[in-house]
Amino acid sequence: MKLSNLIFTGFLGCMVAFGANAAAKKCSRVNLTRCLDSACAINIGVNPAARCQYCGTASAGAPVTKGLSNVTAGQSTKYALTAKELGVAPSDPGRRYMWATTECIKKLPDCTTDDVSAVYDKLIEQSCKSAGVSIQIANTIENISAKPTKTKCTETLNTCINKKCGTGFDACTTDADFDRFIAECATDATGCDEYIADFRKTVTADRQKVYANRENAVQSLIENYQTVRENKLTNARNACNNKTASASCVNTVCTTNMPGKCEGDTEKAMATQLCKFYDTACTVLK
């Protein structure tokens, strides 16, 4: 091949490669930051620790929720996560960051997780310094990404359902509330999908058992009270039939209220009169 042809061929190859690179779209890190901020920078204007609290670590404390606003307010909402989308965001900061990363990459398909780390890890770490907390996001995300064991998942799910329903399921008296709380707990238990079915089956059986035991206890209590009432009524009737109730009353009045202890007929008559109400009561019982 002639040298001129070789130079032309090489030049053409470079132009093709340049054209391909020029056509490749780049991640808009401005829009990516705007998207992540919509999930992680809520109320950051009055709370510099917002990014850390929402998408960093729980050690930074609970985020300020009063008067919610974020740095994307007043800007284009094209790349911001909506209130509806944020409604299903995990409450755990680390998991929320992972969730926001996934959702924002959906909105900005030219961006990657590397882009997210490049533009946002430092912002979270700086926010954490404002909260007096020192973390390395890369290590935090790596720990969260590790697949949890069945024991850990079960513990997480049980803690969640106990918090929402109460240990006696008092806040889950309706099936609708119970099913909703299970769904919420399943959403927060990232990486535990394969254990959700067994958890639902177990906790449903526990709830039914608690309610059954409670119903049995109430029924037993009712039956006990009924037995006590029937025994008292039987004893009262027996006391009326053999006159022991009235005699016991007269004896008590004579012993405690009469100076002469009813040695005389007058005191005896007074005591008998005072206990006359027993005769009236016995007439009713008959």
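## Basis of the model

Helix axes, as used in this report, are lines fitted to C-alpha atoms over the stretch in contact, and the angles between them run from 0 to 180 degrees between N-to-C directions. The structure is a predicted model, in which local features need pLDDT of at least 70 and side-chain atom pairs count only at pLDDT 80 or more, while totals for chains, interfaces and linings use all residues. Residues are numbered from 1 along each chain as its sequence is written, and side-chain values use heavy atoms, with hydrogens and water left out.

## The chain as a whole

The protein chain holds 13 helices and 0 strands, where helices (H or I, at least four residues) and strands (E, at least two) are DSSP runs numbered from the N terminus. Of its 286 residues, 32% count as buried, meaning under 20% relative accessible area with a 1.4 Å probe and protein chains only, whereas exposed means over 50% and partly exposed lies in between.

The accessible surface of the protein chain comes to about 18,300 Å², and 56% of this belongs to carbon and sulfur atoms; such areas come from the Shrake-Rupley method with a 1.4 Å probe. Among contacts (heavy atoms within 4.5 Å) between residues at least 6 apart in sequence, 64% join residues at least 24 apart.

## Helix α11 and its two partners

The axes of helix α11 (residues 244-257) and helix α13 (residues 276-285) come within 9 Å and cross at roughly 165°. That makes α11 roughly antiparallel to α13, since angles over 145 degrees count as roughly antiparallel, those under 35 as roughly parallel, 65 to 115 as roughly perpendicular and the rest as oblique. In this pair, Ala245, Ser246 and Cys249 of α11 meet Phe277, Tyr278 and Asp279 of α13, and the contact residues divide into 4 nonpolar, 1 polar and 1 charged. Here Ala, Val, Leu, Ile, Met, Phe, Trp, Tyr, Cys and Pro count as nonpolar, Asp, Glu, Lys and Arg as charged, and the others, Gly among them, as polar.

With helix α12 (residues 265-274), the axis of α11 comes within 9 Å and crosses at roughly 130°, and the two helices are therefore oblique to each other. Val250, Val253 and Cys254 of α11 make this contact with Lys268, Ala271, Thr272 and Leu274 of α12, a set of 5 nonpolar, 1 polar and 1 charged residues.

## Arginine 237

Arginine 237 is found in helix α10 (residues 193-241) and is partly exposed, with a relative accessible area of 40%. The C-alpha atom of arginine 237 is separated by 7.1 Å from that of cysteine 282, although the two residues are 45 residues apart along the chain.
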